Amino acid sequence: MTIQKNISLASFNTFGLEATAKEFTTIHSVEEAQALIASGVFQKQRVLLLGGGSNILLTKNFDGLVARIAITGKKVIHKHDAHVVLKVGAGENWHELVMYCVENNWGGVENLSLIPGTMGAAPMQNIGAYGVEIKDVIEEVEAVEISTGNIKTFSNAECRFGYRESIFKQEAKDKFIITGVTLRLTTKDHHFNCSYGAVHDTMIALGHDVPSVRAVSDSVIHIRRSKLPDPAVIGNAGSFFKNPTVHADTFEALKKTYPTIPSYPAGDMIKVPAAWLIEQCGWKGKRFNNIGVHQLQALVLVNYGGGEGEKIWELAMNIQASVRDKFNITLHPEVNVI
Ligand SMILES: Cc1cc2nc3c(=O)[nH]c(=O)nc-3n(C[C@H](O)[C@H](O)[C@H](O)COP(=O)(O)OP(=O)(O)OC[C@H]3O[C@@H](n4cnc5c(N)ncnc54)[C@H](O)[C@@H]3O)c2cc1C
């Protein structure tokens, strides 16, 4: 394992923010993760575990060790009549894995096409899109415990998945290096979810008359390309805030003042799109020098080039304050602020 000094992180975060890591290393295996722990580095300095850097905001130089997780490998563990159980290394690129599943006609992750990042980070915030969350297909998560170096396997229930949440963002935060994830996918009799947004209509428009793993994936990719800024063109980390949930009576009161307020059921609560709240406060498309709020997606903060993470965080806090003032709703960041 090589430790490099003073490494630029600009190409390791999708905001494209310039920040320097005091030290930088790459982890290629479970054994390397255990060796890093055994070196005692976690007791000596801050360590940032990094996947694809698509869900972080670097607000300053990192005065510690950045350990990029690059554990690769895909292995079929079981193949049953209608299911395949696949173990995937934490460093595998998520979208490439989805494409591999599409090629094999394995169902379950097609709605999650084109989400940036790595396999290992996906359970952290239970990635979700177009009516599907990764929790729906996760069988187990393998991780190395930082305090002992022991391997622990978390069952789906033990991961305590919620909306953009898991145990890895709560009690287990900063305590584990995720090294692999086991997925259970369908090989036939797939259950397609085409009801969300324009997935069904786009599928038809693209010439797919009946749903298939590929048809749903194509449709999702088409929609995402038309709606979301490509980080290779404009730096961003996707949705900056989570969609807030409010009690039904709070929502009814809001609806009296704002009759057009959109909403979705979320168990006993009501989910309100954060993008709508931000737009109502006048932020959509606002630009402040090199940073701003995307013109088409009020939930996406952007770095037009040469922006500073600290300024993006300041903008995020101003947005949060204005939404709180107008609606009495607090937005919580989805992005990990470093
Ligand atoms: C254009 C765009 C669109 C997006 N769309 C969506 C979307 O539709 N749905 C969605 O849910 N998300 C979306 N995201 C957010 C992001 O892609 C996901 O959160 C993704 O899972 C992050 O993966 P990553 O490897 O880049 O994680 P990173 O940004 O590298 O890390 C995220 C967090 O996980 C930790 N971490 C990373 N790897 C490990 C590991 N192996 N072990 C322990 N901790 C680890 C890091 O320390 C950090 O706290 C989008 C982002 C972008 C840029």
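Which of the 34 residues around the ligand come nearest?

1. In this predicted model, the residues that come nearest to the ligand are L49, G51, G52, S54 and T118, out of 34 around it.

2. By class, 18 of the residues around the ligand are nonpolar and 13 are polar, while three are charged.

3. Several strands contribute to the shell. At least two residues each are supplied by β3 (47-50), β8 (128-129), β12 (176-186) and β13 (235-239).

4. A polar backbone atom of G128 is 2.8 Å from a nitrogen atom of the ligand. A nitrogen atom of the ligand also has a polar side-chain atom of R224 at 2.8 Å. For R164, an N or O atom of the side chain is 3.4 Å from an oxygen atom of the ligand. As to burial, the ligand taken alone exposes 980 Å², and the protein buries 94% of that area.

5. A helix pair deserves a separate comment. Helix α3 (residues 94-103) packs with helix α5 (residues 213-227) at an angle of about 150 degrees, and the two axes are 9 Å apart. The crossing of α3 past α5 is left-handed.

6. On the α3 side, H95, M99, V102 and E103 make this contact; on the α5 side, V213, R214, S217 and I221 do. Sorted by class, the contact of α3 with α5 has four nonpolar residues, two polar and two charged.

Key. Residues are numbered from 1 along each chain as its sequence is written. This is a predicted model: local features need pLDDT of at least 70, side-chain atom pairs count only at pLDDT 80 or more; totals for chains, interfaces and linings use all residues. Side-chain values use heavy atoms; hydrogens and water are left out. A residue is near a molecule or strand if one of its heavy atoms lies within 4 Å of it. A polar contact is a pair of N or O atoms within 3.5 Å; within protein, one must be able to donate a hydrogen and the other to accept it, and residues adjacent in sequence count only if both atoms are side-chain atoms. Accessible areas come from the Shrake-Rupley method with a 1.4 Å probe; for residues, only the protein chains shown count as cover. Helices (H or I, at least four residues) and strands (E, at least two) are DSSP runs, numbered from the N terminus. Ala, Val, Leu, Ile, Met, Phe, Trp, Tyr, Cys and Pro count as nonpolar, Asp, Glu, Lys and Arg as charged, and the others, Gly among them, as polar. Axes are lines fitted to C-alpha atoms, for helices over the stretch in contact, and angles run from 0 to 180 degrees between N-to-C directions. A crossing is left-handed if the near helix is turned anticlockwise from the far one by less than a right angle, and right-handed if clockwise. Contact means heavy atoms within 4.5 Å.
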